[in-house]
Amino acid sequence: MAPLHNKVFVSKTPPKILSFFGILAALCSFCASAGGEIQTAIIDEQSGQLSVVEGYREDFVAWANFTDGIEKTGWSFLEITTSSRYNDSIQAYAAGAVEAAVTSGLIFKHWMNTVMGYCGPFGSESGYCERLKAFISANLQWVQEQVEKQPTSPYWYQVRLTLLQLKGLEDGYNDQLDFPTGGFSLNPFGFILFQMGGDLEDLESALNKSSKTQPLGSGSCSALIKLLPNNKDLLVSHDTWNTYQAMLRVMKKYIFAFKASPLDNYSLPGETQAFSSYPGSIFSGDDFYILSSGLVTLETTIGNSNPALWKFVQPTGTVMEWLRNIVANRLATTAKDWAEIFSKYNSGTYNNQWMIVDYNHFTPGQTDIKDGLFVVLEQIPGLIVYRDKTQELLKNGYWASFNIPYYVEIFNASGCNKLVEQFGPWFSLDQNPRAQIFRRNQTHVIDLDSMVRLMRYNNFKEDPLSKCDGCYPPQNGENAISARSDLNPANGTYPFGALKQRPHGGTDMKLTSYEMFREYGMLAVSGPTWDQVAPFQWSASPYEDLVHMGHPDVWAFKPIKVTWAP
């Protein structure tokens, strides 16, 4: 996840604006339907207009069930269902509207925590902000032109439905529901900024922002795909690394009754999706998805350190990464299919290593697994590479991802080879601290308990693999599977920015298995790791004055098992 950073500080008067497994013996089980708030979007019989009402209605266009469990578990939970009795466009718009109805309070707080002030009226980056606004507007215009030119294309049809969902979310939040019957526009500095957190990280470089959000080397997520001994299970897990201001979380499940295109009656392969997310976001952003197609998709960010490639980042001929991600999740039936769809219209922004696991190709205990189980894709500006890596997964028993490109052509073209020359093996594929920790510790993963323990691992004060050459002190909280950069001394000496003290680290853990994925279930932990270090506490940290509306003070939550209403 690559979010916006809000450096506004808390004032005293905030502005008014718009027994499970071993160590998891105390694990909670949370059903998203328990005690939730329900809102329903309906078509008014007299006026024919869309409106949102409290409670559940049988004549729903879309309905939302929301439970805020942040104070108890670190998560809130949202389930949205649409009805095939209505056309896809009104379903999509209504899905956004009901999400706004039940999460508007969290959306406001998350905007204040993470977006407020980014390209605001009092910012110092007016030139960049003008370029950014022009870029987003031109890109949206080009995308809308493709939608109009190719209305029966499954790809552009899903693009239109996604933008309608975003339009419904923004209109619903502003209490201005008005379903667009023709063309429509989106505010380039509105809720699309929630969707573009990752894209913006690279647009800052491509559009010459003088001060970048992310320091050199900043990690964005750890991931591990692990085959248990004798192929007993296939576990897929992901840690988000993020700014601590972005820890207002929503676990979401969308059940959308859309067609793949307006010319057929086929349902979307990915019509049902469960994913970790944020208020105001209609995709994961972490990213971590469980899909009805049988796919689980996830990524870690690899970025781009080669300035010569920014010429490929253009507002026309491209679709932003967040949108390509959604379309691929909806339309793909296989891992290769996902990679092919995602590769179209490469924006060169939010450059990630994507891992696509196809559980349709896995049976517990089966050893003669063929290609198709696992595909790895990497994107940088101007280049996307993807290959089937099933046999490598079977041979090694695991695949670890930690923000370093795997493919040699991506590694070199993105400038990682130059970073190794300048800063040493910290930027290398094999000798990066996380690469070494994963390689050493993955052999101890034999069940869900040990997988959670590895994904929450941060023993930086004692683990020699967490030491940093050129750092003083040498122990560094960034060099772990789940980072705790807030624990690095402010007065330390560090060779590059990612190793400094900052309000950034691993902010969650998600884990699914062969059994859980079929029910869209997962184990999840919210907040920075506290297995081997002290829990993060805003009031006791150097960052207590950063805006963190709606956050618990102490982040010491235990893993929960996420289940959904039948």
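Trainee: What pattern do the disulfides of the protein chain follow?

Mentor: The pattern is 1-2, 3-4, counting bonded cysteines along the chain. This is a predicted model: local features need pLDDT of at least 70, side-chain atom pairs count only at pLDDT 80 or more, and totals for chains, interfaces and linings use all residues. Residues are numbered from 1 along each chain as its sequence is written, and side-chain values use heavy atoms, without hydrogens or water.

Trainee: What makes C119 and C129 a disulfide?

Mentor: A disulfide is a pair of cysteine sulfur atoms within 2.5 Å. The sulfur atoms of C119 and C129 are 2.1 Å apart, so the pair qualifies.

Trainee: Why is the disulfide of C119 and C129 called left-handed?

Mentor: The torsion about its S-S bond is about -90°, so the C119 and C129 disulfide is left-handed.

Trainee: Which parts does the pair tie together?

Mentor: C119 sits in the loop between α2 (88-114) and α3 (126-149), and C129 in helix α3, so the linked parts are 10 residues apart in sequence. Helices here are DSSP runs (H or I, at least four residues), numbered from the N terminus.

Trainee: How do you know that C468 and C471 form a disulfide?

Mentor: Their sulfur atoms are 1.9 Å apart. The torsion about the S-S bond of C468 and C471 is about 60°, so this disulfide is right-handed.

Trainee: Why is C468 called buried?

Mentor: Buried means under 20% relative accessible area, exposed over 50%, partly exposed in between (1.4 Å probe, protein chains only). C468 has 7%, so it is buried. C471, at 9%, counts as buried too.

Trainee: What describes the packing of helix α7 and helix α8?

Mentor: Helix α7 (residues 321-331) and helix α8 (residues 335-343) pack at about 145°, with axes 9 Å apart. Axes are lines fitted to C-alpha atoms, for helices over the stretch in contact, and angles run from 0 to 180 degrees between N-to-C directions.

Trainee: Which residues of α8 make the contact?

Mentor: D337, W338, I341 and F342 of α8 meet E321, R324, N325, V327, A328, N329 and L331 of α7. Contact means heavy atoms within 4.5 Å.

Technical notes: Helices (H or I, at least four residues) and strands (E, at least two) are DSSP runs, numbered from the N terminus.
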